[in-house]
Amino acid sequence: MRVMGLAAAALLLAGCSQRANDSSSSVAKDSAGPGATPGVAWKFSYDYLLGNSQIEAVQERHAERCEQLGLARCRITGMQYSVGEDDAVSGSLTVKVDPRIARQFGRMALADVRSADGKLVRSDYEGEDVGSTVAAANNAATDIEAQATDLRKRIDAAKPGSTERAELQRQLSDLIAAAQQQRRSADEGQQQLAATPITFNYDGEGGIPGFRENPIKAGVKALVASFVTMISVVLQAIGFLLPWLLLLGLVILVWRSPPVRVVRRWLWQNVGEDAHLVTKH
């Protein structure tokens, strides 16, 4: 009986050990991925589709997750929430996360979205080989600083106040500036590698991910606006031309009225005959 008990205990311990190994593998799998690639600076982007009433809560939940990690591992760099004219809700959240947990953070964020009956409609991972750039900049800075050291020796050996010394000092200033530029480039690269920017975009019901406004509705609005503009131009043209058209119509009406016809006929008969006689003589 004691042997059987020991065997059962051994099996139980083996099962626990296996579960622990599986759990460790799962965590390693979560931590692995694009965000943990050495020398590569990544940018993550996720687009979610949610109910309008769920966006604010999910956005706040993602912001809370970041705050709970602490500033050393996650920082919020941008947050936006808006309600459009047609009551379509949209929002965004931008954070900078420790690269070792960036993918895991994205998975947890997706779990929050799915628990709110939302879905992931697009994810984008963009990487840049910054490590090579950092190494090249550091090597260049080291080489330049070595040149500057040699140049300082030549300056010390040059005659004070001479043209040669002044030229060497000018070259030294240029080398120092170039070394500083290389160090700045290396520092910027290190900053890119130290944190992974993640952008979460939230679009509500009736919205299309990637657009702050439904393009179909935007097209209809543009059509209506164009039609209103056309009517406005036509009305303005009519308003400008109508008085002149009315004046022209009044002149034609008066010209063809019976009194004016009598006057025209009398003028034609008298003036026309006098002109004919003058021409004849």
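Student: How many bridges join strand S1 to S5, and do they run parallel or antiparallel?

Tutor: Two strands pair if DSSP finds at least two bridges between them. Here, six bridges join S1 (residues 40–49) to S5, and the two run parallel. Tyr-48, for instance, has Tyr-202 in S5 as its bridge partner. Strands are DSSP E runs of at least two residues and helices are H or I runs of at least four, numbered from the N terminus. This is a predicted model, where local features need pLDDT of at least 70 and side-chain atom pairs count only at pLDDT 80 or more, while totals for chains, interfaces and linings use all residues. Residues are numbered from 1 along each chain as its sequence is written, and side-chain values use heavy atoms, leaving out hydrogens and water.

Student: Which sense does S3 take in pairing with S5?

Tutor: S3 (residues 89–97) pairs with S5 in the antiparallel sense, over eight bridges. Leu-93 has Phe-200 in S5 as its bridge partner.

Student: Is S5 largely enclosed or open, and why?

Tutor: Buried means under 20% relative accessible area (1.4 Å probe, protein chains only). Six of the eight residues of S5 (residues 196–203) are buried, so the strand is largely enclosed by the rest of the structure.

Student: What about helices: at what angle do H2 and H3 cross?

Tutor: Axes are lines fitted to C-alpha atoms over the stretch in contact, with angles from 0 to 180 degrees between N-to-C directions. The axes of H2 (residues 55–69) and H3 (residues 102–115) come within 10 Å and cross at roughly 150°. Over 145 degrees counts as roughly antiparallel, and H2 and H3 are therefore roughly antiparallel to each other.

Key. Angles under 35 degrees count as roughly parallel, over 145 as roughly antiparallel, 65 to 115 as roughly perpendicular and the rest as oblique. Buried means under 20% relative accessible area, exposed over 50%, partly exposed in between (1.4 Å probe, protein chains only).
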